[in-house]
Amino acid sequence: SCFGYPLSIFFIVINEFCERFSYYGMRAVLVLYFKYFLRWDDNFSTAIYHTFVALCYLTPILGALIADSWLGKFKTIVSLSIVYTIGQAVMAVSSINDMTDQNRDGNPDNIAVHVGLSMTGLILIAIGTGGIKPCVSAFGGDQFEDHQEKQRRRFFSFFYLAINAGSLISTVITPILRAQECGIHSKQQCYPLAFGVPAALMAVSLIVFLAGSGMYKKVQPQGNIMVQVCKCIGFAIKNRFRHRSREYPKREHWLDWASEKYDKRLIAQTKMVLKVLFLYIPLPMFWALFDQQGSRWTLQATTMDGNFGALQIQPDQMQTVNPILIVIMVPVVDAVIYPLIQKCKINFTPLRKMTVGMFLAGLAFVAAALLQVQIDKTLPVFPAAGQSQIKIINLGNNNADVTFLPDLQNVTVPPMGSTGYRMFETSQLKSVIINFGSENGSEIIDSTSSNTHTVTIKNAATGIVSSLRSDNFTSKPEEGKNLVRFVNNLPETINVTMGDTNFGMLEETSISNYSPFSGGRTDDIVVTTGSTNCKATSEVLGYGGAFTIVINQCSDTVTQLRYIEDIQPNTVHMAWQIPQYFILTCGEVVFSVTGLEFSYSQAPSNMKSVLQAGWLLTVAVGNIIVLIVAGASKLSEQWAEYVLFAGLLFAVCIIFSVMAYFYTYVDPNEVEAQLDEEEKKKQIKEDLNSYEKESEAVSRM
């Protein structure tokens, strides 16, 4: 022992820290991996993410059955940890871009290989993490003797701290690893590193757990109470169906039909468990909202500005707000809020706390919807089917009159000015007529290959010079990157380099293609003419924008650049997500913590594992609800989906409050004491009857 604790528990706590680091680190970047690496859209990425989470909370039932009925906790943890480690390793391999990038263009050539490996890895991870979830904490509790109750309670506190520490640290680190660039043939976001580090931590977790093998107290499997409960319920239903005729008298409770096969104690305990499980029916709706932190809220953060001065916060790092607030809010609520409510003579029962928690989660999604409305105002409008848009950039020193044919709209573009994108029906945008005073020119618009165009115009000495470029973008730049292109406004051909990217040779008025650059930073710009190299440093362009940089002058000491904003960068700051995280975390504190406390207080001593399985099942069903609602709603606006989920939770909250109003609290210890007393009286009666029979037999002799 060490400080009064079994030495073995230190291996278990370290094991749990590494495992939680592995799970939450992988999960933090998962939805962005789906969106940016596998190139799935937001809805499908969200669907697969929640399917995975649901599976992670369904498999604990399997793990508990294997541990209690077959292998025991130790062998179950070891076996499923190996499966878990293999799954994490497969996930890391699946994200190696160069594995199928035969043409070295930076994109996988066979995406099906990556999808197949990813799904295999996720299934193995779900089996592993879910299977060991109900075993590790219980195995730690087994290490203590009966007289070490105080140490056992403190162990569970350390255990919970290890869970939150692993979650918090990994959610900070893995997005940073993801944001790095790595690769053999082309530099891409480093998902292999972001998944590889959690895989390594899971391997460390397994090694640490095995290292303490000789010190563990290993309890042999003694059968699973969950199986007995299910058999009891099944027999009661079957027996009631057999005796459905009116000639059989009714019984006080339908479970009493199991009395022919099962003892009174098991039936009474099952009644108490079912009473609590009935209250669990509305609870999945809370988890349906809560677990969208890792999907919809993370995707929302990708359209926001993560610049916090010296820090650049990645979208998937915003999930760290929840564990940070949990660490702060749990002691505040326990030490300040609840005592104040008690002083106000308010009977704040556990079920009322849970109702408030559900209501707060609904409010958090109302806040998310309001934020989404503000984000949507900053998003550009892209042409739909049958539409085209065009931007005119005047590189000359005089006003230019531009007419769009056959629509006949007319616009005057000032010197060194631009129009911004103008929307047309494709049939009404075939060409543009350009007039500089008495000089005129034209450009033919071909919308078959692209429906977004830019035209540069200039009244040069030789007449009107113009260039047409198809812009070829249909959405904002992803991952907070910027798109940058250059326009040559010099009377000679130039070569342009920005950072490590060469834009090639540009003739007068010609426009380069867009190239992506990381947001929030500056890059060196080098312009090379026939006889001169001139240098400049780019402006800080923000995040998620598209820019045209016009080169107006290049000499030995002067480089004159003009910046035109094609797509507005992200302007809504990520800090505006903190209120919705705060409200949701407050809801979690009064819902989740109280729910577990309530469940344990209402459950018989030998059936707490059944309620634990039921609680985890509500999380799984909540994630399935996300799949159903998001798939069936067909809402085109994200804010409307947030409002839908909030409305559903408010409705469920009302139903739950009615159920809670009619719930009668019980004391399982009192019920079990009564059963003990009845069994004791029954045993005494049987002993007396046996004694009387023996006495009669003796007297006859």
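Good morning. The second largest cavity of this predicted model is lined by L32, Y36, R178, T302, Q314, P315 and E479. A cavity here is a set of points on a 1 Å grid over the protein atoms alone where a 1.4 Å probe fits but cannot get out, and lining residues have an atom within 4 Å of a point. This cavity holds about 30 Å³ of space, a volume being the space filled by probe spheres set on the points, which are joined across faces, edges and corners. Domain 1 (1-223) and domain 2 (263-378 + 572-681) both contribute to the lining, so the cavity lies between them; the bounds come from an automatic or database domain assignment.

A word on conventions. Residues are numbered from 1 along each chain as its sequence is written. Local features need pLDDT of at least 70, side-chain atom pairs count only at pLDDT 80 or more, totals for chains, interfaces and linings use all residues, and side-chain values use heavy atoms, leaving out hydrogens and water.

How much space lies in the largest cavity? About 50 Å³. Its lining includes N482, M498, F517 and R521.

I turn now to a sheet. Four strands form an open, antiparallel sheet in the order β15-β14-β17-β18; strands are DSSP runs (E, at least two residues) numbered from the N terminus, and two of them pair if DSSP finds at least two bridges between them. Strands β15 (501-506) and β18 (533-537) stand at the edges with a single partner strand each, so one side of each has no neighbour in the sheet. Five bridges join β17 (residues 524-528) to β18, and V527 stands opposite C534 in β18. Thank you.

Technical notes:
On a 1 Å grid over the protein atoms alone, a cavity is a set of points where a 1.4 Å probe fits but cannot get out, and a pocket is an open set with protein on both sides within 12 Å along at least five of seven lines; lining residues have an atom within 4 Å of a point.
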